[in-house]
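Visitor: I would like to learn how to read a structure like this one. Where should we start?

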Amino acid sequence: MNKVAFFDTKPYDKIYFDELKSKYGIEIEYFESKLSPRTAVMAKGSRGVVAFVNDDISKETISVLKENGIEIIALRCAGYNNVDLNAAKDNIPVVRVPEYSPHAISEHAMALLLTLVRKTHKAYIRTRDYNFSLNGFVGFDLYGKTVGVVGTGKIGMTFVEMCRGMGMNVIAYDPKPSQGYLEYVPLEELFARSDVISLHCPLTSETYHLINNYSIKMMKDKVIILNTSRGALIDTEALIEGIRSGKIGGAGLDVYEEESEFFYEDLSESILQDDILSRLIMMPNVLVTSHQAFLTHEALERIAEITLGNLKSCFDGEKLENEIVIKKKSPVK
Ligand code: NAD
C-alpha cells in the first residue's frame, strides 16, 4: 500500500476518500491540522501529501516535506495560489484537480446572487418568527440586467450560461477570450456597465486586489459583487467602504482574503478576532459563506477520484496529467 498524509481533514473528506482509496491501492493517514512548516513533519513515513485551499505550501513547508521523503503534493482543489511553485519546481511535483464540477461553484454564485437580490435569507428568519411583514424586502428583477463575468474559464462559462438562461445581458473580460459568441469588453467597461459583477478568474499577481477603491469608483451605483474565486481578488477594506457609502448594493462572498484562520472552523463560542470580517458579516447586504461553493456530492466524488488517480499515477511512475507547470509568472498568495 502507498501511504499518504491527508491534511486539514473534515468529516466529509473522509467519507469520499475512504470509499475509493482501496481501488487506487492507497492508505490514508488523516490529520485535522493544516499543512504548514510546523506540521509538515507529520507526513514522515508517507509517500505523498494531500492538501487543500488554506494549507500553507510555502518554501519552508516544501523543504520539510522533501527532507521527509515526500514524493508528491496532491491538491484536492483547483486553485493553487497557496503553493510556492518556484520552490516546488524540480523538487516535488504538485498536482491538482483542474475540474471537478464547475456547476457546483457557479450554482453557488447564483444562489448568493438570488439570495441577495430577493432577501430570502432574511425572509427565512422572519417567517420562522411568524413575522409575515414584507417591509424592507423589495428586490429587483435580474431579467434584463447586465452581468459582468471576470474570467470565462470552466466556472465562468457555466455562470454565463445560467445568467443567459435568466434573460440577463452578459458581458465578460478574460485575457484569453473563449470561442463562440460572448461580448468581451475591457475591464474598465465591464466595471462601468455591469449591474452584477462575478469573479471567476484565478488569483495571480495581475488579479490581486482587482476590486479596489479605484475600480469601485468606476462601477454603477448599487452594483452587486460576487466572489466565489479567491478572497484576495478583492481589497476588503475598499469593499467595506463601497458598501458603507452605498455605492455597492450588495456582496456575495464565498471567499475572504484572510480566510485561512477562520473558514472551515466552528468559532461560534469565541469572539471573532478579525474586525474586518466581523464588519462584513454584520452588514445587512453582505452574504458570507465559508468557502463552500465546491461542497456538493458530485464535486466531492470527483475530487476524491481525481486526487487518488493523480497519486496513483505518481506512484506507478506514469505521466502526471494534472501536474501544475509554472508558466511565466506564478500565482501570488
Ligand atoms: P479556469 O482555469 O478554467 O478559468 C480561469 C479563467 O480566468 C481562464 O479563462 C483565464 O484565462 C482567466 N483569467 C486569467 N487571468 C485573468 C485575468 N487577469 N482577468 C480575467 N480573467 C483571467 O478555472 P476555473 O475552474 O473556472 O476556476 C476559476 C477559479 O475559481 C479558480 O482559480 C479558483 O480560484 C476558484 N474556485 C473556487 C472554488 C470555491 O469553492 N469557491 C472552487 C473551485 C475553484
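Guide: We will go through a helix, a loop residue and the ligand. Keep in mind that this is a predicted model.

Visitor: How far apart are the end C-alpha atoms of helix H4, and what span should its residues give?

Guide: A helix has an expected span of 1.5 Å times one less than its number of residues. H4 covers residues 102–118, so its 17 residues should span 24 Å, and the end C-alpha atoms are 24 Å apart, in agreement. After H4 comes Lys-119, with a positive phi near 55°.

Visitor: How many residues of H4 are buried?

Guide: Buried means under 20% relative accessible area. In H4, 12 of the 17 residues are buried, so the helix is largely enclosed by the rest of the structure. Among them are Ile-105, His-108, Leu-112 and Val-117.

Visitor: Is Leu-203 buried or exposed?

Guide: Leu-203 has 4% relative accessibility, so it counts as buried. Leu-203 sits in the loop that runs between strand E9 and helix H8. Its C-alpha atom is 11 Å from that of Glu-257, although 54 residues separate the two along the chain.

Visitor: Which residues are closest to the ligand?

Guide: The ligand is surrounded by 23 residues, the closest being Tyr-100, Lys-154, Ile-155, Asp-174 and Thr-228. This shell consists of 10 nonpolar, eight polar and five charged residues.

Notes
Residues are numbered from 1 along each chain as its sequence is written. This is a predicted model: local features need pLDDT of at least 70, side-chain atom pairs count only at pLDDT 80 or more; totals for chains, interfaces and linings use all residues. Side-chain values use heavy atoms; hydrogens and water are left out. Helices (H or I, at least four residues) and strands (E, at least two) are DSSP runs, numbered from the N terminus. Buried means under 20% relative accessible area, exposed over 50%, partly exposed in between (1.4 Å probe, protein chains only). A residue is near a molecule or strand if one of its heavy atoms lies within 4 Å of it. Ala, Val, Leu, Ile, Met, Phe, Trp, Tyr, Cys and Pro count as nonpolar, Asp, Glu, Lys and Arg as charged, and the others, Gly among them, as polar.
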